[in-house]
Amino acid sequence: MNPKAILLIADGMADRPLKELGWKTPLEVARKPAMDRIAANGICGIIDPIAPGIPPGSDTATLAMLGYDPSKVYKGRGALEALGMGLVVLSGDVAFRCNFATVDKDLVVLDRRAGRIANEDASLLSSKLQRVKLFKYPDVKFTFKNAVQHRAALIIHGPKLSTAVSDSDPESDGKQVLEIEALDGTKEAQRTAAIVNTLMHEFHEVLKDDPVNKARARRGLPEANAILCRSAGTVSQMPSLQDKFGIESACIAAVSLIRGVCRVAGMKLIDVKGATGTLETDYQAKAKAAVRALKSNDFVLVHVKATDVASHDGNAHLKIDATEHVDEMLSYIIDHADMASTYLAVTADHTTSSRTRNHEGDPVPVAIMGLDVRRDDVTEFGERTCAMGGLNRIRGIDLMSILMGLLGKTKKFGS
Ligand code: ZN
Ligand code: ZN
(Lines give C-alpha, C1' and ligand atoms only; values in the text may rest on other atoms or scores of the structure.)
(Ligands and ions follow the chains in the order given, each with its own letter.)
Protein backbone atom coordinates (compact mmCIF):
# COMPACT_ATOMS: atom_id res chain seq x y z
CA MET A 1 0.00 0.00 0.00
CA ASN A 2 1.25 3.47 -0.87
CA PRO A 3 2.41 5.35 2.19
CA LYS A 4 0.68 8.65 2.93
CA ALA A 5 1.36 11.58 5.23
CA ILE A 6 -0.56 13.95 7.45
CA LEU A 7 1.13 17.13 8.63
CA LEU A 8 -0.60 18.95 11.45
CA ILE A 9 0.52 22.54 11.92
CA ALA A 10 -0.66 24.15 15.14
CA ASP A 11 -0.25 27.86 14.46
CA GLY A 12 2.13 29.58 16.88
CA MET A 13 2.01 26.60 19.25
CA ALA A 14 5.69 26.90 20.21
CA ASP A 15 6.43 29.40 22.98
CA ARG A 16 9.09 30.54 25.40
CA PRO A 17 9.38 29.52 29.06
CA LEU A 18 6.95 31.57 31.13
CA LYS A 19 7.40 32.63 34.72
CA GLU A 20 3.71 32.01 35.46
CA LEU A 21 4.18 28.39 34.35
CA GLY A 22 7.27 27.82 36.52
CA TRP A 23 9.52 28.59 33.53
CA LYS A 24 7.90 25.96 31.38
CA THR A 25 6.26 26.60 28.02
CA PRO A 26 2.50 26.09 27.48
CA LEU A 27 3.37 23.07 25.33
CA GLU A 28 5.50 21.61 28.13
CA VAL A 29 2.68 22.08 30.64
CA ALA A 30 -0.16 20.80 28.41
CA ARG A 31 -1.46 17.23 28.74
CA LYS A 32 -0.61 15.84 25.32
CA PRO A 33 -0.46 12.03 25.24
CA ALA A 34 -0.76 11.84 21.45
CA MET A 35 2.07 14.29 20.74
CA ASP A 36 4.23 12.45 23.26
CA ARG A 37 3.39 9.17 21.56
CA ILE A 38 4.42 10.58 18.18
CA ALA A 39 7.67 11.83 19.72
CA ALA A 40 8.35 8.55 21.52
CA ASN A 41 7.66 6.39 18.46
CA GLY A 42 9.09 8.79 15.94
CA ILE A 43 11.94 11.08 15.04
CA CYS A 44 12.10 14.58 16.54
CA GLY A 45 13.87 17.82 15.85
CA ILE A 46 13.54 21.55 15.80
CA ILE A 47 12.82 23.72 12.77
CA ASP A 48 13.83 27.26 11.91
CA PRO A 49 10.76 28.05 9.79
CA ILE A 50 12.60 30.77 7.83
CA ALA A 51 16.03 31.25 9.42
CA PRO A 52 17.33 31.39 13.00
CA GLY A 53 16.05 34.46 14.82
CA ILE A 54 13.73 35.66 12.05
CA PRO A 55 10.08 35.91 13.16
CA PRO A 56 8.01 34.30 10.43
CA GLY A 57 4.56 35.20 9.23
CA SER A 58 2.10 32.34 9.03
CA ASP A 59 2.08 32.71 5.25
CA THR A 60 5.84 32.57 4.68
CA ALA A 61 6.31 29.81 7.28
CA THR A 62 3.59 27.63 5.77
CA LEU A 63 4.97 28.18 2.26
CA ALA A 64 8.38 27.06 3.56
CA MET A 65 6.94 24.00 5.27
CA LEU A 66 5.25 23.03 2.01
CA GLY A 67 8.68 23.08 0.38
CA TYR A 68 8.67 26.52 -1.26
CA ASP A 69 11.35 29.15 -0.76
CA PRO A 70 9.34 32.13 0.53
CA SER A 71 12.09 34.57 -0.44
CA LYS A 72 11.39 33.56 -4.05
CA VAL A 73 7.64 32.93 -4.17
CA TYR A 74 6.13 35.21 -1.53
CA LYS A 75 4.53 38.26 -3.14
CA GLY A 76 2.52 39.76 -0.30
CA ARG A 77 -0.36 38.76 1.92
CA GLY A 78 -3.19 40.42 -0.02
CA ALA A 79 -3.23 37.93 -2.86
CA LEU A 80 -3.08 34.91 -0.56
CA GLU A 81 -6.02 36.19 1.48
CA ALA A 82 -8.04 36.80 -1.68
CA LEU A 83 -7.23 33.34 -3.02
CA GLY A 84 -8.19 31.84 0.32
CA MET A 85 -11.56 33.58 0.03
CA GLY A 86 -12.10 31.70 -3.20
CA LEU A 87 -11.35 34.63 -5.52
CA VAL A 88 -9.29 34.33 -8.65
CA VAL A 89 -5.93 36.13 -8.57
CA LEU A 90 -3.77 35.89 -11.65
CA SER A 91 -0.11 36.68 -12.01
CA GLY A 92 0.03 40.45 -12.70
CA ASP A 93 -3.10 41.26 -10.68
CA VAL A 94 -2.74 43.27 -7.49
CA ALA A 95 -4.81 42.18 -4.50
CA PHE A 96 -5.44 43.97 -1.21
CA ARG A 97 -6.86 42.99 2.14
CA CYS A 98 -9.64 45.41 2.93
CA ASN A 99 -11.84 46.48 5.81
CA PHE A 100 -15.22 48.09 5.88
CA ALA A 101 -14.67 51.06 8.18
CA THR A 102 -16.48 54.04 9.65
CA VAL A 103 -15.04 57.49 8.89
CA ASP A 104 -16.19 61.02 9.66
CA LYS A 105 -16.56 63.80 7.07
CA ASP A 106 -12.81 64.54 7.24
CA LEU A 107 -12.04 60.87 6.55
CA VAL A 108 -10.83 60.31 10.09
CA VAL A 109 -11.34 56.66 11.01
CA LEU A 110 -13.87 56.27 13.83
CA ASP A 111 -14.03 52.46 13.69
CA ARG A 112 -11.66 50.38 11.57
CA ARG A 113 -14.17 47.52 11.57
CA ALA A 114 -17.46 49.40 11.13
CA GLY A 115 -18.75 47.80 14.33
CA ARG A 116 -17.77 44.36 12.99
CA ILE A 117 -20.51 44.78 10.42
CA ALA A 118 -22.83 41.80 9.91
CA ASN A 119 -22.14 39.65 6.84
CA GLU A 120 -25.59 40.44 5.38
CA ASP A 121 -24.97 44.21 5.36
CA ALA A 122 -21.44 43.78 4.03
CA SER A 123 -22.71 41.55 1.20
CA LEU A 124 -25.32 44.11 0.15
CA LEU A 125 -22.74 46.91 0.17
CA SER A 126 -20.17 44.79 -1.69
CA SER A 127 -22.55 44.17 -4.57
CA LYS A 128 -23.10 47.93 -4.88
CA LEU A 129 -19.35 48.57 -4.89
CA GLN A 130 -18.81 45.97 -7.58
CA ARG A 131 -20.98 48.13 -9.89
CA VAL A 132 -18.65 51.16 -9.64
CA LYS A 133 -17.25 52.14 -13.05
CA LEU A 134 -13.61 53.13 -13.49
CA PHE A 135 -14.16 55.50 -16.43
CA LYS A 136 -10.64 56.94 -16.21
CA TYR A 137 -9.05 53.50 -16.59
CA PRO A 138 -10.98 51.57 -19.26
CA ASP A 139 -8.32 48.83 -19.40
CA VAL A 140 -8.68 48.06 -15.70
CA LYS A 141 -11.23 45.79 -14.02
CA PHE A 142 -11.64 45.07 -10.35
CA THR A 143 -13.24 42.52 -8.05
CA PHE A 144 -14.43 43.52 -4.61
CA LYS A 145 -15.79 40.88 -2.25
CA ASN A 146 -16.61 40.79 1.43
CA ALA A 147 -15.55 37.88 3.65
CA VAL A 148 -16.41 37.48 7.32
CA GLN A 149 -17.75 40.62 9.04
CA HIS A 150 -15.70 43.73 8.11
CA ARG A 151 -13.11 41.80 6.12
CA ALA A 152 -12.98 42.00 2.35
CA ALA A 153 -10.64 41.73 -0.61
CA LEU A 154 -10.01 43.93 -3.63
CA ILE A 155 -8.32 42.65 -6.75
CA ILE A 156 -7.23 44.97 -9.56
CA HIS A 157 -6.85 43.32 -12.98
CA GLY A 158 -5.22 45.01 -15.92
CA PRO A 159 -1.91 45.80 -17.60
CA LYS A 160 1.02 47.64 -16.01
CA LEU A 161 0.19 47.20 -12.33
CA SER A 162 2.57 46.98 -9.38
CA THR A 163 2.39 45.72 -5.80
CA ALA A 164 4.84 48.46 -4.70
CA VAL A 165 2.12 50.65 -3.22
CA SER A 166 1.39 51.72 0.35
CA ASP A 167 -1.74 51.10 2.44
CA SER A 168 -4.73 53.41 2.87
CA ASP A 169 -5.45 51.76 6.22
CA PRO A 170 -3.93 53.91 9.01
CA GLU A 171 -4.12 50.78 11.24
CA SER A 172 -5.74 52.59 14.16
CA ASP A 173 -8.84 54.59 14.95
CA GLY A 174 -8.61 58.38 15.26
CA LYS A 175 -6.27 58.73 12.26
CA GLN A 176 -7.11 59.96 8.80
CA VAL A 177 -7.41 57.54 5.88
CA LEU A 178 -4.10 57.58 4.00
CA GLU A 179 -3.58 58.28 0.33
CA ILE A 180 -2.04 55.25 -1.32
CA GLU A 181 1.43 56.06 -2.62
CA ALA A 182 3.91 54.47 -4.97
CA LEU A 183 6.73 52.84 -3.01
CA ASP A 184 9.17 52.91 -5.88
CA GLY A 185 9.76 55.25 -8.80
CA THR A 186 8.07 53.10 -11.42
CA LYS A 187 5.18 54.27 -13.60
CA GLU A 188 3.39 51.03 -12.74
CA ALA A 189 3.43 51.79 -9.01
CA GLN A 190 2.24 55.36 -9.62
CA ARG A 191 -0.53 54.13 -11.90
CA THR A 192 -1.64 51.46 -9.40
CA ALA A 193 -1.72 53.98 -6.55
CA ALA A 194 -3.78 56.38 -8.67
CA ILE A 195 -6.24 53.64 -9.68
CA VAL A 196 -6.77 52.46 -6.11
CA ASN A 197 -7.11 56.02 -4.78
CA THR A 198 -9.76 56.72 -7.43
CA LEU A 199 -11.57 53.55 -6.50
CA MET A 200 -11.44 54.33 -2.77
CA HIS A 201 -12.92 57.74 -3.47
CA GLU A 202 -15.71 56.25 -5.61
CA PHE A 203 -16.40 53.60 -2.97
CA HIS A 204 -16.76 56.27 -0.29
CA GLU A 205 -19.20 58.22 -2.48
CA VAL A 206 -21.35 55.12 -3.00
CA LEU A 207 -21.22 53.96 0.60
CA LYS A 208 -21.97 57.23 2.35
CA ASP A 209 -25.42 57.56 0.71
CA ASP A 210 -26.36 53.90 0.60
CA PRO A 211 -29.70 52.85 2.15
CA VAL A 212 -27.96 50.03 4.03
CA ASN A 213 -25.91 52.63 5.88
CA LYS A 214 -28.91 54.90 6.43
CA ALA A 215 -30.66 51.91 8.03
CA ARG A 216 -27.56 51.15 10.12
CA ALA A 217 -27.53 54.75 11.36
CA ARG A 218 -31.20 54.47 12.38
CA ARG A 219 -30.39 51.29 14.33
CA GLY A 220 -27.54 53.12 16.07
CA LEU A 221 -24.86 51.09 14.27
CA PRO A 222 -21.66 52.59 12.84
CA GLU A 223 -21.99 53.23 9.12
CA ALA A 224 -19.69 51.23 6.86
CA ASN A 225 -18.89 54.29 4.76
CA ALA A 226 -15.30 53.65 3.70
CA ILE A 227 -13.02 50.86 2.54
CA LEU A 228 -9.48 50.62 3.88
CA CYS A 229 -6.84 48.72 1.89
CA ARG A 230 -3.57 47.16 2.90
CA SER A 231 -0.96 44.49 2.05
CA ALA A 232 -0.88 44.76 -1.74
CA GLY A 233 0.22 41.45 -3.19
CA THR A 234 0.16 39.24 -6.22
CA VAL A 235 0.78 35.57 -6.90
CA SER A 236 3.88 34.00 -8.34
CA GLN A 237 3.92 31.32 -10.93
CA MET A 238 5.08 28.33 -8.94
CA PRO A 239 4.94 24.58 -9.43
CA SER A 240 2.18 22.76 -7.57
CA LEU A 241 2.92 19.95 -5.12
CA GLN A 242 1.66 17.67 -7.88
CA ASP A 243 4.33 19.11 -10.23
CA LYS A 244 7.07 18.88 -7.60
CA PHE A 245 6.35 15.50 -6.08
CA GLY A 246 3.63 13.87 -8.18
CA ILE A 247 1.25 13.74 -5.24
CA GLU A 248 -2.44 14.40 -4.65
CA SER A 249 -2.75 16.75 -1.72
CA ALA A 250 -5.44 18.44 0.33
CA CYS A 251 -5.60 21.14 2.95
CA ILE A 252 -7.91 21.48 5.94
CA ALA A 253 -7.69 25.05 7.18
CA ALA A 254 -10.26 27.64 8.14
CA VAL A 255 -8.30 30.89 7.90
CA SER A 256 -8.22 32.40 4.43
CA LEU A 257 -4.49 33.20 4.52
CA ILE A 258 -3.53 29.53 4.90
CA ARG A 259 -6.21 28.45 2.44
CA GLY A 260 -4.62 30.88 -0.04
CA VAL A 261 -1.15 29.43 0.56
CA CYS A 262 -2.54 25.94 -0.07
CA ARG A 263 -4.29 27.11 -3.23
CA VAL A 264 -1.08 28.49 -4.73
CA ALA A 265 0.52 25.13 -3.93
CA GLY A 266 -2.26 23.50 -5.98
CA MET A 267 -3.79 21.67 -3.01
CA LYS A 268 -7.49 20.85 -2.78
CA LEU A 269 -9.29 22.81 -0.09
CA ILE A 270 -11.59 20.77 2.12
CA ASP A 271 -14.36 22.70 3.85
CA VAL A 272 -15.23 21.46 7.30
CA LYS A 273 -18.44 22.47 9.01
CA GLY A 274 -17.66 24.06 12.36
CA ALA A 275 -14.02 24.83 11.49
CA THR A 276 -13.72 28.54 12.25
CA GLY A 277 -10.07 29.45 12.74
CA THR A 278 -10.92 30.55 16.28
CA LEU A 279 -10.75 29.09 19.77
CA GLU A 280 -14.29 27.74 19.28
CA THR A 281 -13.39 25.69 16.22
CA ASP A 282 -14.65 22.10 15.88
CA TYR A 283 -11.30 20.35 16.35
CA GLN A 284 -12.71 16.83 16.07
CA ALA A 285 -14.55 17.60 12.82
CA LYS A 286 -11.21 18.64 11.31
CA ALA A 287 -9.50 15.46 12.54
CA LYS A 288 -12.27 13.34 11.03
CA ALA A 289 -11.99 15.24 7.74
CA ALA A 290 -8.23 14.62 7.72
CA VAL A 291 -8.65 10.86 8.09
CA ARG A 292 -11.28 10.88 5.35
CA ALA A 293 -9.09 13.00 3.06
CA LEU A 294 -6.28 10.47 3.38
CA LYS A 295 -8.31 8.01 1.30
CA SER A 296 -7.97 10.06 -1.88
CA ASN A 297 -4.77 12.02 -1.16
CA ASP A 298 -1.11 11.25 -0.55
CA PHE A 299 -0.60 14.27 1.66
CA VAL A 300 -2.98 16.14 3.93
CA LEU A 301 -2.15 19.37 5.73
CA VAL A 302 -4.25 20.17 8.79
CA HIS A 303 -3.91 23.70 10.12
CA VAL A 304 -5.25 24.87 13.49
CA LYS A 305 -5.26 28.58 14.30
CA ALA A 306 -6.46 28.53 17.92
CA THR A 307 -3.00 28.16 19.51
CA ASP A 308 -1.84 31.37 17.82
CA VAL A 309 -5.02 33.25 18.73
CA ALA A 310 -4.51 32.43 22.42
CA SER A 311 -0.86 33.53 22.22
CA HIS A 312 -1.73 36.90 20.68
CA ASP A 313 -4.23 37.33 23.52
CA GLY A 314 -1.34 36.71 25.93
CA ASN A 315 -3.37 33.93 27.54
CA ALA A 316 -1.09 30.98 28.34
CA HIS A 317 -3.90 28.99 29.93
CA LEU A 318 -6.11 29.30 26.87
CA LYS A 319 -3.09 28.25 24.83
CA ILE A 320 -2.61 25.14 26.97
CA ASP A 321 -6.29 24.37 26.47
CA ALA A 322 -6.06 24.82 22.69
CA THR A 323 -2.90 22.65 22.62
CA GLU A 324 -4.76 19.88 24.46
CA HIS A 325 -7.54 20.07 21.86
CA VAL A 326 -4.95 19.75 19.11
CA ASP A 327 -3.63 16.69 20.92
CA GLU A 328 -7.12 15.15 20.89
CA MET A 329 -7.16 15.63 17.11
CA LEU A 330 -3.91 13.69 16.84
CA SER A 331 -5.35 10.94 19.09
CA TYR A 332 -8.30 10.64 16.73
CA ILE A 333 -6.00 10.44 13.72
CA ILE A 334 -3.78 7.78 15.35
CA ASP A 335 -6.85 5.73 16.26
CA HIS A 336 -8.60 6.01 12.92
CA ALA A 337 -5.97 6.26 10.17
CA ASP A 338 -4.06 3.19 9.03
CA MET A 339 -0.87 3.93 10.91
CA ALA A 340 0.96 1.05 9.19
CA SER A 341 0.98 3.15 6.02
CA THR A 342 0.69 6.70 7.35
CA TYR A 343 3.36 9.13 8.43
CA LEU A 344 2.05 11.56 10.99
CA ALA A 345 3.96 14.79 11.62
CA VAL A 346 3.21 17.57 14.09
CA THR A 347 4.82 20.97 14.32
CA ALA A 348 4.09 24.70 14.62
CA ASP A 349 4.55 27.30 11.89
CA HIS A 350 6.43 29.56 14.30
CA THR A 351 6.88 30.46 17.93
CA THR A 352 4.33 32.92 19.27
CA SER A 353 5.27 34.22 22.70
CA SER A 354 2.36 34.51 25.13
CA ARG A 355 4.42 37.15 26.90
CA THR A 356 5.40 39.43 23.99
CA ARG A 357 2.21 38.44 22.11
CA ASN A 358 4.27 38.39 18.93
CA HIS A 359 5.72 35.88 16.53
CA GLU A 360 9.32 35.20 17.52
CA GLY A 361 12.30 33.79 15.65
CA ASP A 362 12.85 30.82 17.98
CA PRO A 363 12.79 27.36 16.37
CA VAL A 364 9.73 25.11 16.66
CA PRO A 365 9.58 21.44 17.65
CA VAL A 366 8.68 18.73 15.13
CA ALA A 367 8.00 15.01 15.46
CA ILE A 368 7.32 12.47 12.71
CA MET A 369 5.95 9.00 13.41
CA GLY A 370 5.70 6.22 10.83
CA LEU A 371 7.05 2.92 9.61
CA ASP A 372 10.50 3.81 8.30
CA VAL A 373 11.56 6.69 10.52
CA ARG A 374 14.72 6.34 12.56
CA ARG A 375 13.28 6.44 16.08
CA ASP A 376 15.32 8.50 18.47
CA ASP A 377 15.43 8.70 22.27
CA VAL A 378 13.03 11.63 22.66
CA THR A 379 9.91 10.56 24.54
CA GLU A 380 8.14 13.87 25.04
CA PHE A 381 7.04 16.51 22.54
CA GLY A 382 8.27 19.98 23.43
CA GLU A 383 10.47 22.88 22.40
CA ARG A 384 13.44 21.64 24.46
CA THR A 385 12.98 17.85 24.31
CA CYS A 386 12.70 17.79 20.53
CA ALA A 387 15.99 19.67 20.24
CA MET A 388 17.64 16.39 21.37
CA GLY A 389 16.07 14.41 18.50
CA GLY A 390 17.42 12.69 15.43
CA LEU A 391 16.33 15.34 12.96
CA ASN A 392 18.45 17.86 14.84
CA ARG A 393 17.86 21.38 13.59
CA ILE A 394 16.41 21.80 10.11
CA ARG A 395 15.02 24.61 7.97
CA GLY A 396 11.29 24.92 7.33
CA ILE A 397 11.86 24.25 3.65
CA ASP A 398 13.47 20.87 4.47
CA LEU A 399 10.40 19.42 6.17
CA MET A 400 8.49 18.63 2.99
CA SER A 401 11.50 16.92 1.38
CA ILE A 402 11.87 14.76 4.48
CA LEU A 403 8.19 13.76 4.42
CA MET A 404 8.21 13.21 0.66
CA GLY A 405 11.42 11.19 0.99
CA LEU A 406 9.60 8.88 3.42
CA LEU A 407 6.77 8.55 0.88
CA GLY A 408 9.30 7.72 -1.85
CA LYS A 409 8.38 10.84 -3.79
CA THR A 410 11.72 12.67 -3.96
CA LYS A 411 13.97 12.27 -6.97
CA LYS A 412 17.52 11.02 -6.87
CA PHE A 413 20.18 13.68 -7.38
CA GLY A 414 23.05 12.23 -9.42
CA SER A 415 23.40 8.73 -10.83
ZN1 ZN B 1 1.17 31.36 12.18
ZN1 ZN C 1 0.00 34.98 14.77
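**Ground rules.** I'm working from a predicted model, where local features need pLDDT of at least 70, side-chain atom pairs count only at pLDDT 80 or more, and totals for chains, interfaces and linings use all residues. Residues are numbered from 1 along each chain as its sequence is written, chains are lettered from A and ligands numbered from 1 in the order in which they are written, and side-chain values use heavy atoms, with hydrogens and water left out.

**Helix 5.** I started with residues 77-84, which form helix 5. Helices here are DSSP runs of H or I with at least four residues, strands are E runs of at least two, and both are numbered from the N terminus. Seven of the eight residues are buried, so helix 5 is largely enclosed by the rest of the structure. Buried means under 20% relative accessible area, exposed means over 50%, and partly exposed is in between (1.4 Å probe, protein chains only). I listed the buried ones as G78, A79, L80, E81, A82, L83 and G84. Their cover includes helix 3 (58-65), strand 3 (94-103), strand 6, strand 7 and helix 10 (256-264). After the helix comes G86, with a positive phi near 90°.

**T234.** Next I looked up T234, which sits in the loop between strand 7 (226-233) and helix 9 (241-245). Is T234 buried or exposed? I found it buried, at a relative accessible area of 14%. Contact means heavy atoms within 4.5 Å. Skipping neighbours within four places in sequence, T234 is in contact with K75, A79, L90, S91, G92, D93 and T163. For D93 I noted that its backbone oxygen lies 2.7 Å from a polar atom of the T234 side chain.

**Helix 11.** Then I went to residues 283-293, helix 11, where eight of the eleven residues are buried, so this helix too is largely enclosed by the rest of the structure. Among the buried ones I noted Y283, K286 and V291. The buried residues pack against strand 1 (4-10), strand 8 (249-252), strand 10 (299-304), helix 12 (306-312) and helix 13 (316-336).

I followed up on helix 13: its axis and that of helix 11 come within 9 Å and cross at roughly 30°. Axes are lines fitted to C-alpha atoms, for helices over the stretch in contact, and angles run from 0 to 180 degrees between N-to-C directions. That makes helix 11 roughly parallel to helix 13. Angles under 35 degrees count as roughly parallel, over 145 as roughly antiparallel, 65 to 115 as roughly perpendicular, and the rest as oblique. Residues making the contact include Y283 and A287 of helix 11 and M329 and Y332 of helix 13.

**Helices 6 and 7.** I also checked helix 6 (residues 119-130) against helix 7 (residues 187-208): they pack at about 130°, axes 10 Å apart. That makes helix 6 oblique to helix 7. On the helix 6 side I found L125, K128 and L129, meeting F203, V206 and L207 in helix 7.

**L178.** Last, I looked at L178, in the loop between strand 6 (151-157) and helix 7. L178 is partly exposed, with a relative accessible area of 41%. Not counting residues up to four places away in sequence, L178 touches D167, S168, D169 and P170. I also looked up A348, 170 residues from L178 along the chain: their C-alpha atoms are separated by 36 Å.

Technical notes. Polar contact = N/O pair within 3.5 Å; in protein donor to acceptor, adjacent residues only side chain to side chain.
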